[in-house]
Amino acid sequence: MAKVALITGITGQDGAYLAEFLLKKGYEVHGIKRRSSLFNTDRIDHLYQDQHEEGVKLTLHYGDLTDSTNLIRLVQEIQPDEIYNLGAMSHVKVSFDSPEYVANVDGMGTLRILEAVRILGLQKKTKIYQASTSELYGGMPENKNEKGFYDENSPFYPRSPYGVAKIYGFWITKNYREAYDMFACNGILFNHESPLRGETFVTRKITRAASKIALGLQNCLYLGNLSAQRDWGHAKDYIEAMWLILQQEKPEDFVIATGVTTTVREFVRMSFEELGIAVEFSGKDDNEKGVIIDVDQEKAKELGLNVDALKMGQTIVKVDPKYYRPTEVDLLLGDPTKSKEKLGWKLKYDLPALVKDMIQSDLHLTKKDQYLKVGGYQTMNYFE
Ligand code: NDP
Ligand code: GDR
């Protein structure tokens, strides 16, 4: 019998990669999607199966983490062996604008999933993965371990409504594990990115803008705190860790990270370098800027860039303080020792490989947009 998995947040970055991964492993996969006025299943459209055909392995259900009755009904119908609770309002900056909503979805939503399993008496059958986060640590320097990393024993100090909501999710998962003997685990995942990353997270914002600037479709990229440091990995590696966590003998919490931290500024430099464009930064704080100091003409030609649009000394990165956060997490660096030793988890992508993957994908996407625009097919005006 195929194992049955239920994924909340299946339409997001991680949900899409995880669904594909579990289908390849022979799972029957169910996903919860929210009703929206436009389709929002782009990331999983390649996995879609017509429900009228035989042997359907992927099924989507309407639902929402704010709706307990919906969740209880779905868990009852699906009887999952594994639930991956990835659904969340996942943007840290936006959580300052919608603090109550993020508490409801990211905090209470986790409780609703755990309660659905408990109420239905499925605690011996259904394993639960909770998408916890490095935002729990808040980047407090005094809470790092003796090696200078955050690990499974480091204290938490969240610095945003998102982090505070997720800390409830973390502890309620641990509490249900201890109180009701449930196989419920937290993966404390550090930042992970990919070509499927939402376009308002900093890495994707950078790779998308770098591609547009390289093709002469955008003049400048505006960012917030360039000095923030993150431990960035590839989402494809991280979803494998989620699965491994639920395949262990005992339910436990694991840190998933690369063990390397890099500034936003360096991520910008690496992204442009991938396109043959050398960028140098000067100035401080709000006045810092990045200018073009060299263009590798051969590489630019090979990639089909618009070389005429790339001028020496041209400012292509500026700071806009509107992207600063009321409280910032300055530095995150995770210690993956436990996950490597106990899960046997291995990284396939380092940071240069991640940047390359994202730039290649965004350059392709931007060329496609440009091609459609030039051909007159990009937009229809419905309002004339
Ligand atoms: P995304 O923002 O890409 O995806 C979030 C998913 O949650 C989407 O499918 C979204 O649906 C869904 N969702 C949002 N609100 C609700 C709701 N009220 N009810 C049901 N579903 C909802 O996030 P990621 O894929 O990057 O992250 C997955 C999880 O991992 C999240 O919980 C995130 O907080 C956590 N995390 C992510 C890290 C990262 O670096 N990516 C690191 C650590 C933790 P829709 O498509 O309709 O918006
Ligand atoms: P983060 O990711 O807050 O770490 O949360 P994000 O990419 O949004 O920010 C990373 C760092 O970059 C700085 N920054 C900017 N960020 C954005 N979004 N836009 C900008 O223009 C910009 N300029 C600088 C930020 O200040 C920050 O320091 C992500 C999410 O996926 C969470 O759901 C997850 O839990 C954590 O990673 C781990």
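**Domains, ligand shells and sheets**

Biologist: How many residues of domain 1 are in contact with residues of domain 2?

Modeller: Contact requires the C-beta atoms of two residues, placed from the backbone, to lie within 7 Å. Residues are numbered from 1 along each chain as its sequence is written, while chains are lettered from A and ligands numbered from 1 in the order in which they are written. The model is predicted: local features need pLDDT of at least 70 and side-chain atom pairs count only at pLDDT 80 or more, whereas totals for chains, interfaces and linings use all residues. Four residues of domain 2 take part, and the number from domain 1 is five.

Biologist: By class, which residues form the side of domain 1 that touches domain 2?

Modeller: Ala, Val, Leu, Ile, Met, Phe, Trp, Tyr, Cys and Pro count as nonpolar, Asp, Glu, Lys and Arg as charged, and the others, Gly among them, as polar. On that basis, the side of domain 1 that touches domain 2 has two nonpolar, one polar and two charged residues.

Biologist: Why does ligand 2 lie between domain 1 and domain 2?

Modeller: A residue is near a molecule if its C-beta atom, placed from the backbone, lies within 6 Å of it. By this criterion 22 residues surround ligand 2, the closest being S90, V92, T133, G224 and A228. Helix 3 (92–97) and helix 6 (202–214) each supply at least two of the shell residues. Ligand 2 lies between the domains because its shell takes residues from both domain 1 and domain 2.

Biologist: Which helix gives the largest share of the shell around ligand 1?

Modeller: 26 residues surround ligand 1, with G9, G12, G87, A88 and A131 the closest. Two or more residues come from each of helix 1 (13–24) and strand 5 (127–133), where helices (H or I, at least four residues) and strands (E, at least two) are DSSP runs numbered from the N terminus. The largest share, three residues, comes from helix 1.

Biologist: How many polar residues does the shell around ligand 1 have?

Modeller: For ligand 2, the shell has nine nonpolar, seven polar and six charged residues. Around ligand 1, eight nonpolar and three charged residues accompany the polar ones, which number 15.

Biologist: Which strands stand at the edges of the seven-stranded sheet?

Modeller: The sheet is open, with parallel pairing and the order 3-2-1-4-5-6-11; strands pair if DSSP finds at least two bridges between them. One side of each edge strand is left without a neighbour in the sheet, because each has a single partner strand: these are strand 3 (58–62) and strand 11 (254–256).

Biologist: At what angle does helix 4 run to strand 5?

Modeller: Helix 4 (residues 99–119) lies across strand 1, strand 4, strand 5 and strand 6. Axes are lines fitted to C-alpha atoms, for helices over the stretch in contact, and angles run from 0 to 180 degrees between N-to-C directions. Relative to strand 5, the angle of helix 4 is about 170°.

Biologist: Which residue of strand 15 stands opposite G290?

Modeller: Strand 13 (residues 277–282) joins strand 14 (residues 289–295) through six antiparallel bridges, and G290 is there the bridge partner of F281. Strand 14 is also joined to strand 15 (residues 315–319), by three antiparallel bridges. In strand 15, the residue opposite G290 is V317.

Terms used. Domain bounds come from an automatic or database domain assignment.
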